[in-house]
Amino acid sequence: MGDHNQPFLSVSGDPECAPVHDDSVVDDALHRPQGSSKSKLLLAVFSGIFVVCLILAGGYDKSGVIKIHQLEGGDEMGVGPIEMPAGSATTRPSLSRGKSAGVSEKANLSPQQLLGGGEGSGDGLSEDFPWNNSMLSWQRTAFHFQPEKNWMNDPNGPLFYKGWYHFFYQYNPNAAVWGDIVWGHAVSRDLIHWLHLPLAMVADQWYDVQGVWTGSATILPDGKVMMLYTGSTNESVQVQNLAYPADHDDPLLLDWVKHPGNPVLVPPPGIHHKDFRDPTTAWQTSEGKWRITIGSKVNKTGIALIYDTDDFVNFELKDGFLHGVPGTGMWECVDFYPVAVAGGDGLDTSANGAGVRHVVKASLDDDRHDYYAIGTYDEEAGKWYPDNPAIDVGIGIRYDYGIFYASKTFFDQSKQRRILWGWIGEWDSEAADVRKGWASLQGMPRTVVLDTKTGSNLLQWPVEESESLRLRSKEFKNVVAKPGAVVPIKLEAATQVCELEHWCFWRMQLDIVAELELDKEAVDRVVESDEEFKCSSSSSKGAAHRGALGPFGLLVLSEETLSEQTPVYFYVVKGKNATLRTYFCADQSRSSLANDVNKQIYGSSVPVLKGEKFRVRMLVDHSIIESFAQGGRSVITSRVYPTKAIYGAARLFLFNNATEAGVTASIKVWQMNSAFIRPFPNL
Ligand code: DQQ
């Protein structure tokens, strides 16, 4: 059971889970918002090329369902074959990248290397595995944002402008490792299908020659865009710079002008020259000034400095900090935004007053996780106070308990919602990334709102446009898993062979929604326990640990014999006074037979309120699994690198490793189409 390379349970019994629904959906592919005539023309060109590409790649059958042909190299339409040099990807120890330049670690180090032997029960990166091209090609995702090649990290300056969503990102145009950082740029109509544009900003000035680092956009009331970003100077000093579009009439915002008076901010007295970065979107004070915050630290206290400005050129440093938390180290990519107490729509960054709470988020340089807290903003004092100091920024709640860093939100004025982007790094070896020719993804953009039921956490949910990728679905009602059972969820009929046409989607491009219930009588019967459970505790066997009321959940990207499997699951502890505490976890420890990939076990506790079932939605896209529990109260993003559970060999199972209670599940699974992510035509 404890051997991470062995199945922890064998397949038992036949599923009593006949599909009750099988539905085909035509993927509309593009949403068409109202736009200027120039935008419409561009969209027409884009749509035309998209349809031509579809026809070339697969075409439509008579029912209108898009047929996808498997391309050589193992990927489907939307993700072309990647050329890779021959030979095996051996795992020499990764070089440390980023630290010496004055940012957080940017190499794929083992958790032991990263955290100095701290949290995590994974094997770390050890022996070489003989990766082949087919395995490595499989890892490329189909509906998550990625550049065509090379390294990407933080999301930068997201905004909605003249009918287009703009996405900028930290990008190395020269290699699949961090370095030579400039701003990549892509646009979309719907946050799903993307067109790559030329680089937005390159490192061509003394004040950003060592890197055009992270920044944020502010849209002024007259529609003008101000982009503040960090530059690493010729002497590796972190300064803040201003850029703006050369032509505000261009919906694609192709050309950017760097302000002649840059830098507009240098590190203030008392702040180290390598601890001053990542300006936020500005918000307006009631006096009409613009206010920003910038991450830093003083000794081990992570802080958010606060500045006021009228013109984005001259700034006044406010006394004290917006907020700081001792022991949390350097705060990168700070975010600050309002949420409505009543839930519902997202709020403009400047919203304040009754019915509004404020969120502070910091990306912790020391552990590379994104932490947030909800609290009260005192505009006059320029301070923010957490509702609960015990779960302050950096010591309490995380956006995501897996891999998710350097995130940034923006207010989407076209749909009145706040959207969260986050960088999803790699946890394989750097040598494998170099051989693949790419590294990192962006998570599916998520809406963020206050959880009105608990009032103490946010709800994150994939943007509604993600559902436009849903193709066929199958539903499995009242599937019963007795204690110790693993039940196959059969997505295609026995006669349908994955290798033929689009059936492979069932195996690795999925949107899964599941509701699970524990047998109530068993829950009542179980004796109270004082078990201290932690998904990631080093003594934990992950999903192979057996308690009275868990773990139970789904095994995704599992090989038929379970030699590779990624369990995503709930674990319930019945404590004093029969209170139930629930944990939501993802166990990567058996996700791959290779040992040169990170195999941590992640998770946290998650509120499950009276009368609620255990609910999870999972987006499975080749090497990424994003799992949202209880409507987005807790989220875990996993990167997995299976060697066998790939292409047609990937399977889905329901499992129940509880010793006392049975589980009944209702599961709906959609095949997910590939997104259209290509260079913008004819630029
Ligand atoms: N990434 C950028 C920095 C930021 C860090 C450099 C966070 O601006 O602090 O690539 O990943």
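The model is predicted. The secondary structure of the protein amounts to six helices and 38 strands. Of its 683 residues, 63% are buried. Among contacts between residues at least 6 apart in sequence, 67% join residues that are at least 24 apart.

**Sheet with strands β2 and β22**

- An open sheet is built from six strands in the order β22-β2-β3-β4-β5-β38, and its pairing is mixed.
- Its edge strands are β22 (438–439) and β38 (677–679), each of which pairs on one side only.
- Strand β2 (residues 150–161) and β22 run parallel and are joined by two bridges.
- Within this pairing, N150 is placed opposite W438 of β22.
- W438 also takes part in a contact with a charge: the charged end of K436 sits over the W438 ring, 4.4 Å from its centre.

- W670 belongs to strand β37, which covers residues 663–672.
- W670 has a relative accessibility of 12%; the cut-off for a buried residue is under 20%, so W670 counts as buried.
- Leaving out residues up to four places away in sequence, W670 touches R470, L471, R472 and S473, and also W506, Q509, L510, D511 and V513.
- The C-alpha atoms of W670 and L469 are 9.0 Å apart in space, while the two residues are 201 residues apart in sequence.

**Salt bridges**

- The structure contains 34 salt bridges.
- One of them joins the side chains of R277 and D365, with an N to O distance of 3.3 Å.
- R277 lies in the loop between β9 (256–258) and β10 (283–284), and D365 in the loop between β16 (356–364) and β17 (370–378), so this pair ties together parts that are 88 residues apart in sequence.
- Both partners are buried: the relative accessible area of R277 is 1%, and the relative accessibility of D365 is 10%.
- D366 and K300 also meet through their side chains in a salt bridge, at 2.5 Å from N to O.
- This pair links distant parts of the chain, 66 residues apart: D366 is in the loop between β16 and β17, and K300 is in the loop between β11 (290–298) and β12 (301–309).
- D366 counts as partly exposed at 35% relative accessibility, and K300 counts as partly exposed at 46%.
- A further salt bridge is formed by the side chains of E560 and R651, at 2.7 Å from N to O.
- The E560–R651 pair also links distant parts of the chain, with E560 in the loop between β29 (549–558) and β30 (566–574) and R651 in strand β36 (residues 651–656), 91 residues apart.
- E560 is partly exposed at 40% relative accessibility, and R651 is partly exposed with a relative accessible area of 28%.
- Salt bridges with shared partners join D412, K415, R417, E464 and E465 into one network.

**Nonpolar cores**

- In soluble globular proteins, nonpolar side chains tend to be buried together.
- The largest nonpolar core here has 75 residues, and the members that touch the most other members are L458, I512, L516, L518, L654, I667 and V669.

**Aromatic groups and a charge over a ring**

- There are 35 aromatic pairs in the structure.
- Ring pairs link F145, F167, Y169, Y171, W194 and W421 into a cluster.
- R189 lies over the face of W164, at 4.0 Å from the ring centre.

Terms used
Residues are numbered from 1 along each chain as its sequence is written. This is a predicted model: local features need pLDDT of at least 70, side-chain atom pairs count only at pLDDT 80 or more; totals for chains, interfaces and linings use all residues. Side-chain values use heavy atoms; hydrogens and water are left out. Helices (H or I, at least four residues) and strands (E, at least two) are DSSP runs, numbered from the N terminus. Buried means under 20% relative accessible area, exposed over 50%, partly exposed in between (1.4 Å probe, protein chains only). Contact means heavy atoms within 4.5 Å. A salt bridge is a side-chain nitrogen of Lys or Arg within 4 Å of a carboxyl oxygen of Asp or Glu. A nonpolar core is a set of buried Ala, Val, Leu, Ile, Met, Phe, Trp, Tyr and Cys residues joined through side-chain atoms within 4.5 Å. Rings of Phe, Tyr and Trp (its six-membered ring) pair if their centres lie within 6.5 Å; planes under 30 degrees apart count as stacked, over 60 as edge-to-face and the rest as tilted. A charge sits over a ring if NZ of Lys or CZ of Arg is within 6 Å of the ring centre and within 35 degrees of the ring normal. Two strands pair if DSSP finds at least two bridges between them.
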